[in-house]
Amino acid sequence: MATVGVNSNDERRKKTEVARQHIEEIRSRKFSIGQKSLNPLTQDLHNAVTSLSKELYTKDVHFLMELIQNAEDNEYLAGVEPTLELVLTRSDIIGLGASATLLVFNNEVGFSKENIDSLCSIGRSTKKGQRHQGFIGEKGIGFKSVFLVSGQPHIFSNGYQIRFDEAPNRDCGIGYIVPEWVSRMPTISDLQAIYGPIKTLPATTIILPLKFEKLETVKKHLSEIHPEVLLFLQKIKRLSVRENRCSSLEDSVSAISISGETNLISTQNQGTDSRIVHLSVQEGLAMGEATCRYYIYRQRFPVKPENVVDSRKDLNEWAISVAFAFGDRLTRGTSSVGVFAFLPTAMVTNFPFIVHADFILSSSRESIKLDNK
């Protein structure tokens, strides 16, 4: 057993060293950090990134939808139930004076070099042209929405331990997309203590030290996540929210999940199928689960040549679904019945059912581009 532990530690150190060299390469090659002269376009780049991050997302809740979207697009090992866990803590685990921190735990396989390169860029998504593989992100700017609530997001994943800062980097004058290696706080043991000492720490942890004025807003959004957010996702079947106030390990816990799914009919030659999905929500450890069933009908249509667009050119058919709740919908949150594009948009209808399709959305994900053919 001791040999296994030594090998594991050696592998972890090697992985971390490779990750650190990659970060140093990005800082030097892309942002001229450590070079004799800076790229003259750095100020323009910083201004562009600043305007994008501040003006693109008009609602704080977008950061939450982007985190769910990223988790849905991540890769998972066979046999793993894809899960996203959000933990709000009042402890300052990063040592920067934050009064509260939101930790995002995801049991994916971990960040790749391509994922990190994408985070250090604007509009360079690793998912473009891969809709046929089930990716729902595409614009390469979604993670920047976390700056609405956090000035210094941290990422611990697959050997990487980095942070980004909305303030201009002192060495190159660019904010938001310049990675900085984190060598001190928090430690793996700090993260393990918050996640739970008897549970295996997931491969990816995103740490968002919250801006003071955003704490109540974040708490409100966390408490209003409606179970229907899972209805049209293919991977994430469970999402939990926990508040850790340090005085007690689990002061409040809520979880939403797809507790069951039954395929009803599939008529391949007509391009239709239907299923019943059981959504459940649990509020607090002592509370029982509330459930609601949804009947989902889907029909697929061939894409006409005149309707092919660049962002969907890898798809030869387009599907639209409608979802009807059996009886009363679950009351958690304030979700209005409307239009989904995998996740809810801001578009509300007066229909007694949810409409879902792979609509082309505005960059903020708020609305469909209705003028797009």
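Modeller: A residue counts as buried at under 20% relative accessible area, as exposed at over 50%, and as partly exposed in between. The model discussed here is predicted.

Colleague: Is phenylalanine 359 buried or exposed?
Modeller: The relative accessibility of phenylalanine 359 is 18%. The cut-off for burial is under 20%. Phenylalanine 359 therefore counts as buried.

Colleague: Which class does tryptophan 318 fall into?
Modeller: Tryptophan 318 has a relative accessibility of 31%. Buried would need under 20% and exposed over 50%. Tryptophan 318 therefore counts as partly exposed.

Colleague: How many helices and strands does the protein have, and what share of its residues counts as buried?
Modeller: The secondary structure comes to 6 helices and 14 strands. The protein has 373 residues, and the share of them that counts as buried is 49%.

Colleague: What share of the accessible surface belongs to carbon and sulfur atoms?
Modeller: The accessible surface of the protein comes to about 18,700 Å². The part of it that belongs to carbon and sulfur atoms is 52%.

Colleague: Among contacts with a separation of 6 or more, what share joins residues 24 or more positions apart?
Modeller: The count takes the contacts in the protein with a separation of 6 or more. Within that set, residues 24 or more positions apart account for 62%.

Colleague: Which residues does isoleucine 116 contact, leaving aside neighbours within four places in sequence?
Modeller: Isoleucine 116 is one of the residues with the most contacts inside the largest nonpolar core. Leaving aside neighbours within four places in sequence, its contacts are His22, Ile23, Ile26, Phe111, Tyr160 and Ile162.

Colleague: Why is the pair of phenylalanine 147 and tyrosine 176 given its class, and which class is it?
Modeller: A search of the whole structure finds 6 aromatic pairs. The ring centres of phenylalanine 147 and tyrosine 176 are 4.8 Å apart, and their planes stand at 80°. Planes over 60 degrees apart set the class, so this pair is edge-to-face.

Colleague: What is the class of the pair formed by tryptophan 318 and phenylalanine 359?
Modeller: The two rings lie 5.8 Å centre to centre, with 70° between the planes. The pair of tryptophan 318 and phenylalanine 359 is edge-to-face.

Colleague: Which ring has the charged end of lysine 199 over it?
Modeller: The charged end of lysine 199 is 4.2 Å from the centre of the ring. That ring belongs to tyrosine 195.

Colleague: At what distance from the ring centre of phenylalanine 326 is arginine 293?
Modeller: Arginine 293 lies over the face of phenylalanine 326. The distance to the ring centre is 4.4 Å.

Colleague: Which side chain makes a polar contact with the side chain of serine 157?
Modeller: Serine 157 is in strand β3 and, at 2% relative accessibility, counts as buried. A polar atom of its side chain lies 2.8 Å from the backbone nitrogen of phenylalanine 111. The side-chain partner, at 2.7 Å, is threonine 204.

Colleague: Is serine 254 buried or exposed?
Modeller: Serine 254 lies in strand β8, and among the residues it touches are Leu239, Gln282 and Arg332. Its relative accessible area is 7%, so serine 254 is buried.

Colleague: What is the relative accessible area of alanine 167?
Modeller: Alanine 167 is found in the loop between β4 and β5. Not counting residues up to four places away in sequence, alanine 167 touches Ile174 and Gly175. Alanine 167 is partly exposed, with a relative accessible area of 37%.

Definitions and conventions:
Residues are numbered from 1 along each chain as its sequence is written. Side-chain values use heavy atoms; hydrogens and water are left out. A nonpolar core is a set of buried Ala, Val, Leu, Ile, Met, Phe, Trp, Tyr and Cys residues joined through side-chain atoms within 4.5 Å. Buried means under 20% relative accessible area, exposed over 50%, partly exposed in between (1.4 Å probe, protein chains only). Contact means heavy atoms within 4.5 Å. Rings of Phe, Tyr and Trp (its six-membered ring) pair if their centres lie within 6.5 Å; planes under 30 degrees apart count as stacked, over 60 as edge-to-face and the rest as tilted. A charge sits over a ring if NZ of Lys or CZ of Arg is within 6 Å of the ring centre and within 35 degrees of the ring normal. Helices (H or I, at least four residues) and strands (E, at least two) are DSSP runs, numbered from the N terminus. Accessible areas come from the Shrake-Rupley method with a 1.4 Å probe; for residues, only the protein chains shown count as cover. A polar contact is a pair of N or O atoms within 3.5 Å; within protein, one must be able to donate a hydrogen and the other to accept it, and residues adjacent in sequence count only if both atoms are side-chain atoms.
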